[in-house]
Amino acid sequence: MHRVYMISGMGADSRLFRNIKLPAHYQVMLVDWHAPKPADTLTTYARDIVKQYDIQPNSTVIGVSLGGMISVEIAKLVQLDKVILISSIKADSEAPWYFKVGRSVPVYKAIPGKLMTHLGFLVKPMFGKMSADDLALFKSMLRNSAPVFLKWAMRAVLNWRNNVVLPNLYHIIGDKDLVFPYQNIKNPTAVIKGGTHIMVFDKAAEISALLAGILKYHENTR
């Protein structure tokens, strides 16, 4: 059975994928965040995920936001069948302008990690409109995030560099994504109309259909 690993974004966990449905003949492996080592980069963190979950060649990895960047790093370590990014970036050249500001003026360093878990009031302004149930879930995921992980992830994301063009990479982005504007994304596979940064919640049916099509396409071309 073909394994599909799913990696969530920063401030989220595997519940992020609760509305995503893949065909039954795929074995879905939900990846949970582990505590990073202080010196970890996204590359070394990805290496630990490969070891922890025994990610083998010809698997598929799907990543949302931060999970997408880590998926790229995994694909550089393991010969994947395909890597699928949702609401993410595949190269630092696609990063928004505020990444450069964050590197020059690292304000995040002054924010206590514990405070980061209580910024649920920023979810709607940053990520877009969502239902009351989805908003409650996202706030719950944020509250349950480890402060140490959030602080580390902020630094690691801002300092991430990649210019490697990966084969079999698919990129799904929303045209209302305020975190990673779709205009910055080079050659996206699909642009979801009305899709925000957390469109895996409210555009789940459309995204699920896209994922099923991508998976089936490569089944037929092997």
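R3 in strand β1 has Q27 in β2 as its bridge partner, and β1 and β2 (residues 26–31) pair in the parallel sense over six bridges. Two strands count as paired if DSSP finds at least two bridges between them. Strands are DSSP runs of E with at least two residues, helices are runs of H or I with at least four residues, and both are numbered from the N terminus. The model is predicted: local features need pLDDT of at least 70, side-chain atom pairs count only at pLDDT 80 or more, and totals for chains, interfaces and linings use all residues. Residues are numbered from 1 along each chain as its sequence is written, and side-chain values use heavy atoms, with hydrogens and water left out.

Strand β1 also pairs with β3 (residues 60–64), in the parallel sense and over four bridges. Here V4 has T60 as its bridge partner in β3. Strand β1 (residues 2–7) is mostly covered, with five of its six residues buried. Buried means under 20% relative accessible area, exposed means over 50%, and partly exposed is in between (1.4 Å probe, protein chains only).

Another set of pairings involves β5. Four bridges join β4 to β5, and these strands run parallel; I84 has Y170 in β5 as its bridge partner. On β5 there is also a parallel pairing with β6 (residues 190–192), through three bridges, in which I172 is partnered with A190. Six of the six residues of β5 are buried, so this strand is largely enclosed by the rest of the structure. In a regular strand the side chains alternate between the two faces of the sheet. In β5, L169, H171 and I173 point one way, while Y170, I172 and G174 point the other way, and all are buried.

The chain as a whole has nine helices and six strands. Buried residues make up 52% of its 222 residues. Contact means heavy atoms within 4.5 Å. Among contacts between residues at least 6 apart in sequence, 68% join residues at least 24 apart.

Next come the nonpolar cores. A nonpolar core is a set of buried Ala, Val, Leu, Ile, Met, Phe, Trp, Tyr and Cys residues joined through side-chain atoms within 4.5 Å. The largest has 39 residues, of which L42, I49, I55, I70, I74, L80 and I89 touch the most other members. The elements giving two or more residues to this core are β1, α1 (42–53), α2 (66–77), β4 (82–86), α7 (147–158) and β5 (169–174). Helix α7 supplies the largest share, seven residues. Leaving aside neighbours within four places in sequence, I70 is in contact with I7, W33, L42, Y45, A46 and I49. A second, separate core has 27 residues, M6, I20, V64 and I86 among them.

H34 lies in the loop between β2 and α1. H34 is buried, with a relative accessible area of 17%. Apart from neighbours within four places in sequence, H34 is in contact with Y45, D48, I49, Q52 and F149. The C-alpha atoms of H34 and A146 are separated by 9.2 Å, although the two residues are 112 residues apart along the chain.
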